[in-house]
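Take a moment with the model first, then read on.

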Amino acid sequence: PPSSDLHTPNMSSSASSSSASGPAARPDAREAAALRPLACAAGAGSVGLHNADGIARFAQGRTAVIVAVNGPGPVPPRLEQAAQAYIDVVVKPKTGLGGVGERRLESFLGAVARNCILSSRHPRAMISIVVQVECDDGSLASCAVNAMCLALLDAGVPMAHCVTAASCAAVGKQLRLDPTAAEEQKADALVHFAFCGFQHTASTASQAPNSRDVLVASDSSGPLPADQYLSAYDLCLESAKKVHAFVRLSVEKRVTKESEREFDKAKRAKTSSAEQIDGDMETGS
């Protein structure tokens, strides 16, 4: 199956927020409003797993997640819904059994999935989403959302829109985008936002003036004043736009590779057919 890989260096958000300015003071020397390097891969050939309808790997710095999607398929009678598909989300930690953190992440991912999947097109069916945590070095929720969206695209599940997410931690009076695990432990509050509705111009990095940025789901923990919450929202929105452009570029790269592969296959078949016809003609004469 076709696959794609893409990497990007550190990206700094352009959101103007006084709480995200000032000295970085971060373990990895990033600015407060900077993303860690992103990397993604989609397709069984790229990820290395072949037992799912769609699969993707997404990484933000050291945080990495693999998401496998199966369905729409058969659903147990007790979970069957007459008007829409049942969406099942399971989060598996790197080691051991899942706990409260995994159940909370499942709830967040389920809310995102139900908002972006056109489940009414597949009533009395089930769409299974399995999230395998490879490494959790902070911002796991946003990384999982980004991986899930890419896996749903790979599986061909009908969606109303593509969703991308970003995380932000409040450390004192400073907001830190895409926090690491060490920063999350020191943070007074942590928020995750998932957005959709981004529109792109000819440049994948620039946004159309009339784009509709829609908040799909959010999750927060810890006390956060209203002004800081709104600043975190703006910061995560700008970051999600950059992640969306990154995912879009990855999908375009994969489609281009697939088109080139199909073109080469058709060209070889045409050449083989022509050679066979010439051989038959020579035999007949």
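Helix 2 is the top contributor to the lining of the largest pocket, giving 5 residues. Helices (H or I, at least four residues) and strands (E, at least two) are DSSP runs counted from the N terminus. This is a predicted model, so to speak with its own rules: local features need pLDDT of at least 70, side-chain atom pairs count only at pLDDT 80 or more, and totals for chains, interfaces and linings use all residues. Numbering starts from 1 along each chain as its sequence is written, and side-chain values use heavy atoms, with hydrogens and water left out.

| Element | Residues |
|---|---|
| Helix 2 | 100–116 |
| Helix 3 | 140–155 |
| Strand 11 | 189–196 |
| Strand 12 | 214–221 |

The pocket's volume is about 380 Å³. Of its 17 lining residues, G101, L140, A141, L190 and H192 are the closest to the centre. A pocket here is an open set of points on a 1 Å grid over the protein atoms alone, where a 1.4 Å probe fits, with protein on both sides within 12 Å along at least five of seven lines; lining residues have an atom within 4 Å of a point. The volume is the space filled by probe spheres set on the points.

Now the helix pair. Helix 2 and helix 3 pack at about 40°, axes 10 Å apart, which makes helix 2 oblique to helix 3.

Definitions and conventions. Axes fitted to C-alpha atoms, helices over the stretch in contact; angles between N-to-C directions. Parallel < 35°, antiparallel > 145°, perpendicular 65-115°, else oblique.
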